[in-house]
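Morning, everyone. Please have the structure open while I talk. I'll go from the surface to the backbone.

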Amino acid sequence: MALHEALIALQTGCSGLLTLKQDDPYFKKRLPTIPYVHQGELEILDRLTQLGQHYRTLDEYIQNIFKDKKSGLYILSFAFELRSILQTYLNCLKQLEHECLIDTSLTLSHLLISLTDYNLLFPSLVSLINKLQTNGYRGCQILDIIRRYTLDGNIILSSTMKKLLCSCHKIFIKQITSILTRGQIYDEYDEFFIGLNNNINIEAMGMTTPSISRMTSTITSRSHSPDRDKQFNLQMPQQNPTITPGYSQYQLIPDMLPSYIPLQLADKILFIGESWLILKTNDEDNDKNFLSINSIDYDEQNHRVQQQLYALTLSDDFNIFELERIIEYTRIDLSLTLRNLFVDRFHLCNELEQIRGFYLIEHGELFSLFVNRTNQLLLNIKKSTNAIENDINEIFKQCLNDLHLETILTNVDKFKFKLNFSHNDNSTQETSTGCRRLLSRVQGISDNSNNSFDFWSCGWANLSIQYNVKYPMKAFFSENSKQRYNDIFHLLIILRYVQNELNNLWLILKNQHKNSLILHLRNAMSFFINNFQYYIQIDVLEYKYQQLIRSILSSTDFQKIKYLHEVFLSDIQQHSFMLLATAYQSIRNILSICVSFCLTAKQQENNNNFDENILRQFGRDFNDEIRLLFGILGMVQKHNALPHLGVFLTRLDFNRFLTNNNGSFGEF
Amino acid sequence: MPSEIITLQLGQCGNQIGMEFWKQLCAEHGISPEGKLEPFATEGSDRKDVFFYQADDQHYIPRSVLLDLEPRVIDGIMKSPYKHLYNPENVYISKDGGGAGNNWAQGYHQGDKLSEEIFDIIDREADNGDSLEGFVLCHSIAGGTGSGMGSNILEKLNDRFPKKLIQTYSVFPMTNEVADVVVQPYNSVLTLKRLAENADCTVVLDNTALNRIATERLKKTTPTFAELNQLVSTIMSGSTSTLRYPGYMNNDLISLISSLIPTPRLHFLISAYTPLTSDNTESEVRKTTVLDVMRRLLQPKNVMVTTASRDKNLTHCYVSILNIIQGEVDPSEVHKSLMRIRERKLAEFIPWGPASIQVALSKKSPYITTQHRVSGLMLANHTGISSLFDRICDHYDKLIKREAFVENFRRLPKFKENLDEFNDSREAVQGLMDEYRAATRKDYINFGNSETTQAE
């Protein structure tokens, strides 16, 4: 009798005798005593009922998953595996029932003993699914949770959990296989840790070519049991879930990344996916098959990778090292192909040479001429119009022609000057209050009715280059790197402008054979600007650039080349003090003081009597900023944070004038 | 074509060094003596247009004006393989062909008389380019034509083109032995005044030092004129190499000059070049590094001006230094060399302002093979140059005390009434020497200003 009750209870969580409150897992409402059952047996019955209750919870969970079309592949796979565990439980019950029928003298204890394993297992499983449900974990996230449950000293518990994990890993590996062998994301429910980057700029979107891959269905079916496949097919809507987007539209989704997959590995997978995109994307005017560049048979290789990855799913223990090995192997192959493609076929170095020509102002004579010819134009404009931009670009082309540089800077059509006045708000205006104060003083005396002049709002301070990068170089020059190139260009072009102004002032002053304060101030400014320019252009840019080219040519790894390029950019930004906010601000202030000085001096050219007080004020402001900058850089130097900084400081202080004069360039 | 430079070659010496200069330039740019671009030189990234322009038939023609009062040297050029290089309209020889007789006054007077014709040529040449940057004048200050006519042209150039740069390569006479021209000190002092007042930058080439370098470095017992002129052309081509083979910086004359010359009067530059080779001797320098080159450039024995490092209780010092390094150079080498020079205190700098060794990296001409990986040129502003002026003034003072040979001057307009011109010039040179000496002191900033306030 009790046995019968127990068996029912084991399946349903309740029986006629042992009515439990549905919503109360810790059944308190059991009849306190049942006359024909011994008190001890009652206890056992309670425990068995508890087990049945767990079974029901699990079963309901599975049923819900199967009903819900949106639960995703991972959860589904998990549910399937869970179902098979429950199946073994049911089988076990069947066995027990059979035994009970044969031998009526069996005790409740026998049941309890036979089900010991489930007694351990079910509470864990319930707690697992509770966790999954309450937190709404999905996709790759559940891997982490399940994995945590596998770390248990109890062998039965951990091996069952491993089975569950393994079933989810099958999906995981399938997704990895898809991206590894053809660069596609097979991920209908947004469960993978690599996803489409939706914030991509329009430029890149233009080349998105969603194509339907025939291969998809074959991959999915390869390692599936037919019964599962049916399930999947049911779940799969009509549209094809794989997408082949344009380059660099993949991104890591950190939330989805299981903690036991190293970020590096994820990066490699991402890189492989992106590489496939490059190799497979056929630009409208570029129908070549880049895969043929290497003699590697990709079909065979892909097949091998698939086999290896499939082998991974067979073992209960997920072998992360093997996964890493396979991925690294694939990555090296692809990376070499890409390296050959970019360096040999697309002449990456030439492209960089062009970049250097435009952004890094390699051809000094070109930009000197350009600065000379657009000097006034750019100084006087406050807002951008197409006409002005066209003018500037025309002037630049004319300069290029005049210097016969068309054959060297061949990509002139891809580079356009842009005037970008958007970021010109209060923050930048504050910086120039110093020079404005000065100018207003000048105006107060010279009765000039000009509005106060702010260098950072004129054309020179807002000139940038728009680089229309074509496929496939897009893969190399990201929007971010273009922005960084522009930041450097911004500094270089202003330096050149200021230098040009100071030189023009020299020309104006050259026929006054008088030893005057204005000359000395001009010299000090010119000394700073020239040395700063030399430091940036030669000590930093040229040096780092040569380093970059050398390592590109000697590397066989495209991912590393990309990485080196990023390092190059951040290096030069760092060494030109752009990342040291206070120092950079100080440099900007120095630049604007120099400009104001030159413009004021020019205004005074005709009446030939530069007010000495204004002059001294310029000198003092200049010195203050120099002292500040020298102080900041000195501190940085002490911490040895920038290895090249010493070069700059040595140049500025070569005859120890700064040191001996307490960081100033003379008495003004 | 932007930032063109017009070269004016004056007198015997000026035309000889000019000739060598153009030879060197042609070789460096792959231009044949007839002005044709050599087939191997068609794809250069060099800038030929600064110093040349192209004729209708694509010939390269130097932006050069050849002037002399006597035909001998120019005739020589016109008989050389380079006779078709120059624009014949730019070759001007005075019709009477009598020369200036080593007399400054004669040269100056002739220059005055012929100025209209001369400036016709110069104006035409200046209009030829679209933004002329400046003039380069080659001459000697000892003879008659280069010094006298040169002085006259300098005055007029400065008047006519006040915003253009005027650079001169001026050969200074030997001062340590008996001069072959007796009035040489007169000529020199009179010319120095014009150089000080009307030129923006003067590269001083001291014949004494040139001879010494030629004998010591090139192992020649008696160097020929041609060899000395070659030294000069090496300096001239070297100092313009960043204009012709442009890189990141220093691509125009102004940027070279403005960083060297802090105040307008201190514009007399000394120069050095290393390693030097001549056609038939092998150089003793076998290995060149940037440090070697920069160190050698600072050694007085390599400097093309003989200067004293100390005189009258003051230590002379560098106002500024520009090193033009040619060849394959790793930027970090330059820095290491600078550090070393600073540690060893190989160069003494002014105490009144910031100063350093500026470095300009320049490409080498691909058409000239040299044994050396790196070569270097120094242009420097050094206060010791005043000792050279001092020596010239010494000789001058001795002569003028006796009023020796002044008769030849008195015959000409500028000196007919009195010899004030002599005194003015001597005073101007004295002022220049004083200013250079003052530049060794900490209070140079106030030099001149305090005097004027005292005078008021």
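A definition to begin with: helices here are DSSP runs of H or I, at least four residues, numbered from the N terminus. One caution as well: this is a predicted model.

Helix 15 of chain B, residues 420–438, gives the most to the patch, with 3 residues. Glu197(B) sits in helix 5, residues 184–198 of chain B. Its relative accessibility is 33%, so Glu197(B) counts as partly exposed.

Next, salt bridges. How many does the structure hold over all chains? The count is 41.

Take Glu328(A) and Arg331(A). Glu328(A) is partly exposed at 23% relative accessibility. Arg331(A) is buried, at 6%.

Now Glu389(A) and Lys418(A). Buried or partly exposed, for Glu389(A)? Buried, because its relative accessibility is 8% and the cut-off is under 20%. Lys418(A) is partly exposed, with 29%.

Glu612(A) is partly exposed at 45%. Arg616(A) is partly exposed at 27%. There is also a network: salt bridges with shared partners join Lys268(A), Glu328(A), Arg331(A) and Asp557(A).

On to aromatics. The count is 68 aromatic pairs over all chains. One of them is Phe21(B) with Phe51(B): ring centres 5.7 Å apart, planes at 75°, so edge-to-face. Phe21(B) lies in helix 1, residues 11–29 of chain B, while Phe51(B) is in the loop between helix 1 and strand 2 (52–54) of chain B, so the pair ties together parts 30 residues apart in sequence. Both Phe21(B) and Phe51(B) are buried.

Met149(B) and Leu10(B) are 139 residues apart in sequence, but 7.8 Å apart in space, C-alpha to C-alpha. Met149(B) is in helix 4, residues 145–160 of chain B. At 1% relative accessibility it is buried. In chain A, Ile518(A) and Leu615(A) are 97 residues apart in sequence and 7.0 Å apart in space, C-alpha to C-alpha. Ile518(A) belongs to helix 20, residues 517–554 of chain A. Ile518(A) is buried as well, at 10%.

Last, the backbone. Which bond is cis? The peptide bond from Thr274(B) to Pro275(B), with omega near -5°. Pro275(B) is in the loop between strand 9 (268–274) and helix 10 (290–298) of chain B.

Phe577(A) is not a glycine, yet its phi is positive, about 65°. Its loop runs between helix 21 (558–575) and helix 22 (581–603) of chain A. Phe577(A) is buried, at 0% relative accessibility. Asn250(B), not a glycine either, has a positive phi of about 55°. Asn250(B) is in the loop between helix 8 (241–244) and helix 9 (253–260) of chain B. At 15% relative accessibility, Asn250(B) is buried.

Note on methods:
Residues are numbered from 1 along each chain as its sequence is written. Chains are lettered from A and ligands numbered from 1 in the order in which they are written. This is a predicted model: local features need pLDDT of at least 70, side-chain atom pairs count only at pLDDT 80 or more; totals for chains, interfaces and linings use all residues. Side-chain values use heavy atoms; hydrogens and water are left out. Helices (H or I, at least four residues) and strands (E, at least two) are DSSP runs, numbered from the N terminus. Buried means under 20% relative accessible area, exposed over 50%, partly exposed in between (1.4 Å probe, protein chains only). Rings of Phe, Tyr and Trp (its six-membered ring) pair if their centres lie within 6.5 Å; planes under 30 degrees apart count as stacked, over 60 as edge-to-face and the rest as tilted. A salt bridge is a side-chain nitrogen of Lys or Arg within 4 Å of a carboxyl oxygen of Asp or Glu.
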